[in-house]
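Dear colleague,

I am handing over the structure below for your records. My notes on the charged side chains follow it.

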Amino acid sequence: MNVNIVNEFFVNDDDELFAVMNHMVVANLAAPIENALVHMNLEDDKEPLPRNESYYEETIPRYDVDDFHAHFRMSRRTLEMLTRNIGHRRDLGHEEQLDKEVAFTIWMLAKPESFRACSDRFGYPRSTGHNIFCKITAAICQMLPDEIIWPDINEANGIAARVENKTRFPGVIGMIDGCHIPIKAPAHNPVDYYNRKSFHSVILQGVCNDNMLFTDVFIGMPGKCHDARVFRNSPLYDKIINENLVNNNQHLLGDSAYPLMLNLLTPFRDNGHLLPNQMNYNTILSSIRSKIEQAFARLKGKWRRLKFLDMNIENISSVIAAACVLHNYTLKMESANVDNYAPDAAEMELNEPHPDDDIPENAAYEKRNAIMQVLL
């Protein structure tokens with residue numbers, strides 16, 4: 001499987017307890033008839049909460065093409081195909097309301113609305129909306145092995161050829177980076193999720209190809225972790241080291257937060273004395289590697305729930321994974337309609353230089369120097 005989810009290092013099994021309101025004793029001595037109200041069953045007189053019972057059935061069908069895409073981040077046809085896919089995978093196709101439940105979940109992922117507001121819009125009680133969201137996001141996550149796929153030999157060669165034709169940089173089969181997803185401070189061990197830009201987050205490590213499709217994701221490490229530590233803890237690192245996932249003539253591109261390896265090339269560290277050929281190498285590498293920054297920008301721009309996840313820590317990884325699946329799914333289904341999103345400047349500033357706690361192999365230095373000469 002090409003995704004790996006770290007559910008939680010510091011699991012919080014205790015739900016936050018809410019104080020129970022004490023019964024209020026009403027003392028009304030004004031008149032006997034008013035005192036009698038205390039003994040009446042007032043529950044029978046409560047009106048049901050009003051909901052938008054027909055918003056999905058009547059209002060959404062009237063959306064034009066642009067309005068529908070603006071709200072759901074995909075076309076009607078793509079949403080229909082997604083619903084059919086989910087129904088087959090989870091054996092949910094017999095459910096009468098599956099199309100509405102999928103639309104509700106996509107709306108929730110695409111917008112930072114509260115569960116209460118979104119549930120009301122679709123005519124659900126809040127608790128029902130929450131259960132539907134969890135069920136459908138779990139179903140979307142089951143699509144992951146078919147949507148986030150490491151390139152085989154032919155695909156890797158195709159990626160490398162396309163990148164080299166555009167930039168003259170040989171052997172590139174992917175770009176790697178980390179992305180911080182802001183979260184509510186966990187009840188336990190919040191300091192571990194507090195990153196150096198002063199907000200709580202979990203880290204999404206992603207690898208993408210030259211078309212911004214994710215080929216590997218690793219989700220859930222606490223925001224305090226350095227990108228190099230996340231990488232070394234990921235199954236991707238183990239596969240590169242021990243399973244020859246990337247052949248010696250090919251490589252990923254990363255920024256200075258990553259270690260220089262034979263299969264992971266990074267920039268020359270800028271100490272103020274870089275030679276012109278080294279600066280040229282860095283510039284070209286950076287322009288290629290920007291694809292992963294664009295992929296993260298598109299991910300968070302389309303699925304705006306990821307701007308801030310106000311939910312229990314145990315649910316966060318599955319929501320991020322579902323958004324990554326939808327990122328690839330919509331790119332494949334709507335390749336002619338690719339939205340442009342600018343990378344987050346604050347996100348880019350979170351990258352720290354690699355701490356130099358390990359020494360690259362000589363072969364990695366030689367490979368980088370050889371490519372530097374090719375790019376002159």
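Arg162 counts as partly exposed, at 35% relative accessibility. In this predicted model, the partner of Arg162 in a salt bridge is Asp210, with the closest N and O atoms 2.7 Å apart. This pair links distant parts of the chain, 48 residues apart: Arg162 belongs to helix α9 (residues 153–167), whereas Asp210 sits in the loop between β3 (201–208) and β4 (214–222). Asp210 counts as buried, at 7% relative accessibility.

As background, side chains of opposite charge can pair when their charged atoms come close. The structure holds nine salt bridges in total.

Another of these joins Glu57 to Lys100, where the closest N and O atoms are 3.3 Å apart. Glu57 is partly exposed, with a relative accessible area of 39%. Lys100, with a relative accessible area of 7%, is buried.

A further salt bridge is found within a single helix. Glu293 and Arg289 meet through their side chains at 2.7 Å, N to O. Both residues lie in helix α12 (residues 276–302), four residues apart, which is about one turn of the helix. Glu293 is buried, at a relative accessible area of 11%, and Arg289 is also buried, at 7%. Together with Asp177 and Asp255, Arg289 and Glu293 are linked in a network of salt bridges.

Yours sincerely

Conventions. Residues numbered from 1 in each chain as written. Predicted model: local features only at pLDDT ≥ 70, side-chain atom pairs only at ≥ 80, totals over all residues. Heavy atoms only, no water. Salt bridge = Lys/Arg side-chain N within 4 Å of Asp/Glu carboxyl O. Buried < 20%, exposed > 50% of the residue type's maximum accessible area, 1.4 Å probe, protein only. Helix = DSSP H or I, 4+ residues; strand = E, 2+ residues; numbered from the N terminus.
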